[in-house]
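The sequence and the structure come first.

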Amino acid sequence: MRIPDQNLWTGELLDLPLFFDWDPIVEDIRLSYSDPTDDDWDHGLLWVRHGLDRAGKFRWKAINTPRTRVMMREHLCMVCSRSCQRPDGRYWWLFVNDPDIAPDGTSITNLPPTCGACIPESLATCPRLAERSRVASVAGTSPYAATVDLYEPGPGDSLPVPAVKVCHEVNVLLDKGSEWLRYALGKQPWLMLHDLRDEPLVLAEQQEAQP
Ligand SMILES: [Zn+2]
């Protein structure tokens, strides 16, 4: 089975210290790296930085956060990184279970899409998908939330001060003006899915029909 591009490799883990420092944009303290770059920030949130060289060994249950952010923003396949857009402009999406539901009834997910070419192979080779899966398409997406770790300022009289982790993997909404975002390190984005529709397994059936 192909190793999905979304997966993290051990050599991509970076042990970067986190600090709280004054940020003139928000006019308050916020979580940061010692050498933040523009790509570390999105939706007012600092995100986990990983390497991108796929060095070391892959880890099935861990995701590379920067690659995942691009996949979800640009609708690229979690397996092969190709576009998931179909000729009709919609995007293929493959779910292990049903997507989660936001309080307003809209479907939300923390899974990137899977392209039409990779869906049959994923269904045939992934044990989790063999038990239960749902093939669908969506018209579009919008940023919704993020799974984050929360930090608070450690002891110290002058900025920057070291950050101390106080909460592991909670979900926060990407609301502009949310105070939580300044204290959070983003690990996995959640998207709101627009016009989710189930799709018949045409691709898989065609493959099975071939001699
Ligand atoms: Zn693909």
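Two strands count as paired if DSSP finds at least two bridges between them. The model discussed here is predicted.

On that criterion, three strands form an open sheet in the order β7-β10-β14, and the pairing is antiparallel. The edges are held by β7 and β14 (197-198); each has a single partner strand, so one side of each lacks a neighbour in the sheet. Between β7 and β10 the antiparallel pairing runs over five bridges. Within this part of the sheet, W92 lies opposite S137 in β10.

W92 also belongs to the largest nonpolar core, which has 39 residues. W92 is listed there among the residues with the most contacts inside the core, together with L31, C77, W93, A184 and L185. Several elements give two or more residues to this core, among them β7 (91-95) and β10 (134-138). Others are β2 (18-23), β5 (45-47), α1 (65-74), α2 (118-125), β11 (140-153) and β13 (184-194).

What is L185 in contact with, leaving aside its neighbours within four places in sequence? The contacts of L185 are L18, L31, L46, V48, V148, D149 and Y151.

Values for the protein as a whole are tabulated below.

| Property | Value |
|---|---|
| Helices and strands | four helices, 14 strands |
| Box filled by the C-alpha atoms, along the principal axes | roughly 75 × 40 × 30 Å |
| Buried share of the 211 residues | 30% |
| Share of contacts between residues at least 6 apart in sequence that join residues at least 24 apart | 71% |

Terms used
Residues are numbered from 1 along each chain as its sequence is written. This is a predicted model: local features need pLDDT of at least 70, side-chain atom pairs count only at pLDDT 80 or more; totals for chains, interfaces and linings use all residues. A nonpolar core is a set of buried Ala, Val, Leu, Ile, Met, Phe, Trp, Tyr and Cys residues joined through C-beta atoms within 7 Å. A residue is buried if 20 or more other C-beta atoms lie within 10 Å of its own, exposed if 12 or fewer, and partly exposed in between; C-beta atoms are placed from the backbone. Two residues are in contact if their C-beta atoms, placed from the backbone, lie within 7 Å.
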